[in-house]
Amino acid sequence: MARLRRERQPFVLISDLDHATLRLESGSEAWTRGSVREANVFTRAYVPTPRIVLLGAGPSVAALYHIALAAGLDVQAWAGDEPTRGALDALGLAHAATPSPPAAFLDSLDPFSAVVLAFHEHAQEPAILERALRSEAFYIGVLGNHAVHRARLAQLEASGHTRDVLARIRAPIGIIPQAKSQATLALGILTEILIEAKARNLVP
């Protein structure tokens with residue numbers, strides 16, 4: 001169990017009260033049903049803690065990071081500029097400060113990962129989105145208004161992505177329309193992520 005948790009692998013424990021047996025199953029899709037009881041057989045699903053891979057610059061990065069941790073999620077963050085790095089450092093929030101997003105962040109995206117791009121300048125987004133769209137991440141969200149998102153989709157479609165694939169991208173991000181404060185925006189984003197996670201049995 002400890003190894004599976006370290007490796008972010010889901011598993012189920014099946015307790016059969018009639019036969020007094022307990023067995024562990026991994027590498028199956030049984031966890032997608034969540035925890036269930038059938039007669040005297042109890043199946044409890046264990047999934048990795050949902051993780052937000054947060055990439056961006058600006059005050060929304062620190063706001064979302066802080067509230068995601070408070071909600072019990074894991075966070076991997078990359079800060080794209082010095083003011084954002086300083087804000088995260090002041091709050092004691094660990095982050096990568098490399099010139100570009102670490103490849104390891106994008107390589108590790110799994111079905112229990114949400115990707116959030118929080119840039120006000122959007123030039124870095126296409127390369128990141130290309131990687132995210134090839135992953136199994138359960139959520140991909142990007143800052144930007146409707147006009148920015150239409151331009152983003154047109155660019156990605158021109159590079160060969162189908163509309164069905166591009167429909168995975170959530171933008172404008174968050175469920176609170178026209179959120180102005182960083183706290184309101186962060187709450188709306190986190191709520192949207194948790195709604196999707198709950199629909200997939202990733203959170204209780």
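## Helix H6

Let's start with helix H6, which covers residues 146–158: its 13 residues reach 18 Å from first C-alpha to last, close to the 18 Å expected at 1.5 Å a residue. That expected span is 1.5 Å times one less than the number of residues. Helices here are DSSP runs of H or I with at least four residues, strands are runs of E with at least two, and both are numbered from the N terminus. Keep in mind that this is a predicted model, where local features need pLDDT of at least 70 and side-chain atom pairs count only at pLDDT 80 or more, while totals for chains, interfaces and linings use all residues. Residues are numbered from 1 along each chain as its sequence is written, and side-chain values use heavy atoms, with hydrogens and water left out.

Which residues of H6 are buried? They are His 149, Arg 152 and Leu 156; buried means under 20% relative accessible area, exposed over 50%, and partly exposed in between, with a 1.4 Å probe and protein chains only. These three cover an arc of only 60 degrees around the axis, which puts them on the same side of H6. The arc is taken from the directions from the helix axis to the C-beta atoms. An α-helix has 3.6 residues a turn, so residues three or four places apart point the same way. Arg 150 and Ala 158 are exposed, on the face of H6 turned away from its buried side.

## Around H6

The buried residues of H6 pack against helix H5 (125–133), strand S8 (139–142), helix H7 (163–166) and strand S9 (169–170). Contact means heavy atoms within 4.5 Å. At the start of H6, a side-chain oxygen of Asn 145 comes to within 3.1 Å of the backbone nitrogen of Ala 147. Just after the helix, Gly 160 has a positive phi of about 115 degrees.

Ser 135 sits in the loop between H5 and S8. Why does Ser 135 count as buried? Because its relative accessibility is 12%. Leaving aside neighbours within four places in sequence, Ser 135 touches Leu 109 and Arg 168.

## The four-stranded sheet

Now for an open sheet of four strands, ordered S2-S1-S4-S3 with antiparallel pairing. S2 and S3 are the edge strands, each pairing on one side only. From one strand to the next, the twist averages 20 degrees. Two strands pair if DSSP finds at least two bridges between them.

S1 (residues 11–16) and S2 (residues 21–26) run antiparallel and are joined by six bridges, with Ile 14 partnered by Arg 23 in S2. Four residues lie between the strands of this hairpin, where Ala 20 takes a positive phi near 55 degrees. Three bridges join S3 to S4 (residues 41–46), again antiparallel, and Val 36 stands opposite Thr 43 in S4.

## Arg 33 and its partners

Arg 33 belongs to the loop between S2 and strand S3 (36–38). Its C-alpha is 8.6 Å from that of Arg 200, although the two are 167 residues apart in sequence. Beyond neighbours within four places in sequence, Arg 33 contacts Glu 38 and Asn 201.

## Helix H2

Helix H2 (residues 59–70) has twelve residues and spans 17 Å from first C-alpha to last, close to the 16 Å expected at 1.5 Å a residue. Its buried residues are Ser 60, Val 61, Ala 62, Leu 64, Tyr 65 and Ala 68. They pack against strands S5 (51–56), S6 (74–79) and S7 (113–118), plus helices H3 (82–90) and H8 (182–199). Just after H2, Gly 72 takes a positive phi of about 90 degrees.

Definitions and conventions:
Polar contact = N/O pair within 3.5 Å; in protein donor to acceptor, adjacent residues only side chain to side chain. Axes fitted to C-alpha atoms, helices over the stretch in contact; angles between N-to-C directions.
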